[in-house]
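Thanks for coming. I will talk through one structure, and you can follow along on the screen.

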Amino acid sequence: MSMQEISGYKSIALDIAQRIVSGEFPVQSKLSGRSLLAGQYHVSPETIRKAMGLLKDENIVFVSQGKEIIVISDQKAYEYITRNNYLKSVYSLKEDLQQLLLEKKQLDSKFEKLLTGIIEASDRMKNLKPYHPEEITIHEQSHVVGKTIGTLQFWQNTGATIIALRRGANVTISPGPHVILRENDVLVAVGDEKMYQRTEQFINKNSENHL
């Protein structure tokens, strides 16, 4: 008999003992026929017979004349797995892994639904405002050059909410009131349908005209 077979039937005996301890196979319950156990563990009925022999020797199960296998002691089963430093065999671990994979799949699908929901909601939010962001460039002669967004009372004067400022290759999202405007800055703003016209007029009045 190969080492693999020896470890095979011993690990099955340990796995069944573990299942007795966990209450899956209660004391006085009958273990299913060898063929069924063989199917569950994917080994030959002979390997199962040897595993049952080990459990019988340990007084964990009783094999009746009619070859019925009856669980007789969970205490002995506990002593057996403890003595063998056994926690869970490959079989139990495989089942745990399958369970985890199933849970992961369910979680992934929940996550996907949530993500789709968020994307759809943000698309809807985008469409809530019928007016898309407008870009307004600050000309060289504009009276706003060198002034801060705050001192210009931008929103009060134009009804525009500045959502970004592009300066060359740099983009500032939601620039605060202390940002000093420069020539050629591009303001990205949102507001009602007249916002662009009002902002364009406000920004690009010449300094002379504004004074």
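Arg-167 is partly exposed, with a relative accessible area of 33%. This is a predicted model, so please hear every number today as computed from it. The side chain of Arg-167 meets that of Asp-185 in a salt bridge, 2.7 Å from N to O. Arg-167 belongs to strand β5, residues 161–167, while Asp-185 is in the loop between β6 (170–173) and β7 (186–190), so the pair ties together parts that are 18 residues apart in sequence. Is Asp-185 buried or exposed? Asp-185 counts as buried, because its relative accessibility is 0%, and the cut-off for buried is under 20%.

Now the sheet around that pair. Strands of a sheet pair through backbone hydrogen bonds, and the pairing can be parallel or antiparallel. Here we have an open sheet of four strands in the order β4-β7-β5-β6, and the pairing is antiparallel. The edges are β4, residues 134–137, and β6, each of which pairs on one side only. On average, neighbouring strands of this sheet are turned by 25 degrees against each other, ignoring direction.

Look at β5 in that order. With β7, β5 pairs in the antiparallel sense over five bridges. With β6, the antiparallel pairing of β5 runs over four bridges. Leu-165 shows both pairings: Leu-165 stands opposite Leu-187 in β7, and Leu-165 also stands opposite Thr-172 in β6. The hairpin of β5 and β6 has two residues between the strands, and Gly-168 in this hairpin takes a positive phi near 60 degrees. Across β4 and β7 lies helix α7, residues 195–203, running at about 10 degrees to β4.

Next, helix α3. How far apart should the ends of α3 be, at 1.5 Å a residue? The 13 residues of α3 should span 18 Å, and the end C-alpha atoms are 18 Å apart, which agrees. After α3 comes Asn-59, with a positive phi near 60 degrees.

Arg-49 and Glu-46 form it, with their closest N and O atoms 2.9 Å apart. Why can these two reach each other? They are three residues apart in helix α3, residues 45–57, and so are separated by about one helical turn. In general, an α-helix has 3.6 residues a turn, so residues three or four places apart point the same way. Both partners are partly exposed: Arg-49 has a relative accessible area of 40%, and Glu-46 has a relative accessibility of 36%. Other parts of α3 are buried, namely Thr-47, Ile-48, Lys-50, Ala-51, Met-52 and Leu-55.

Two of those names come back in the core. The largest nonpolar core has 24 residues, and Ile-16, Ile-20, Leu-31, Met-52 and Leu-55 touch the most other members. Several elements supply at least two residues each: α1 (3–21), α2 (34–41), α3, β2 (61–63), β3 (69–71) and α4 (74–83). Which element gives the most to this core? That is α1, with seven residues. Leaving out residues up to four places away in sequence, Ile-16 touches Phe-25, Leu-31, Tyr-41, Met-52 and Leu-55. Another core lies apart from this one; it has 15 residues, among them Leu-152, Ala-160, Leu-165 and Ile-203. So Leu-165, which we met in the sheet opposite Leu-187, is a member of that other core. As a general point, nonpolar side chains in soluble globular proteins tend to be buried together.

Last, back to charges. Arg-19 forms a salt bridge with Glu-24, and their closest N and O atoms are 2.7 Å apart. Over the model, the count comes to 10 salt bridges, and I have shown you some of them, including Arg-49 with Glu-46 and Asp-185 with Arg-167.

Notes:
Residues numbered from 1 in each chain as written. Predicted model: local features only at pLDDT ≥ 70, side-chain atom pairs only at ≥ 80, totals over all residues. Heavy atoms only, no water. Salt bridge = Lys/Arg side-chain N within 4 Å of Asp/Glu carboxyl O. Buried < 20%, exposed > 50% of the residue type's maximum accessible area, 1.4 Å probe, protein only. Pairing = 2+ DSSP bridges. Axes fitted to C-alpha atoms, helices over the stretch in contact; angles between N-to-C directions. Contact = heavy atoms within 4.5 Å. Expected span 1.5 Å × (residues − 1). Core = buried A, V, L, I, M, F, W, Y, C linked by side-chain atoms within 4.5 Å.
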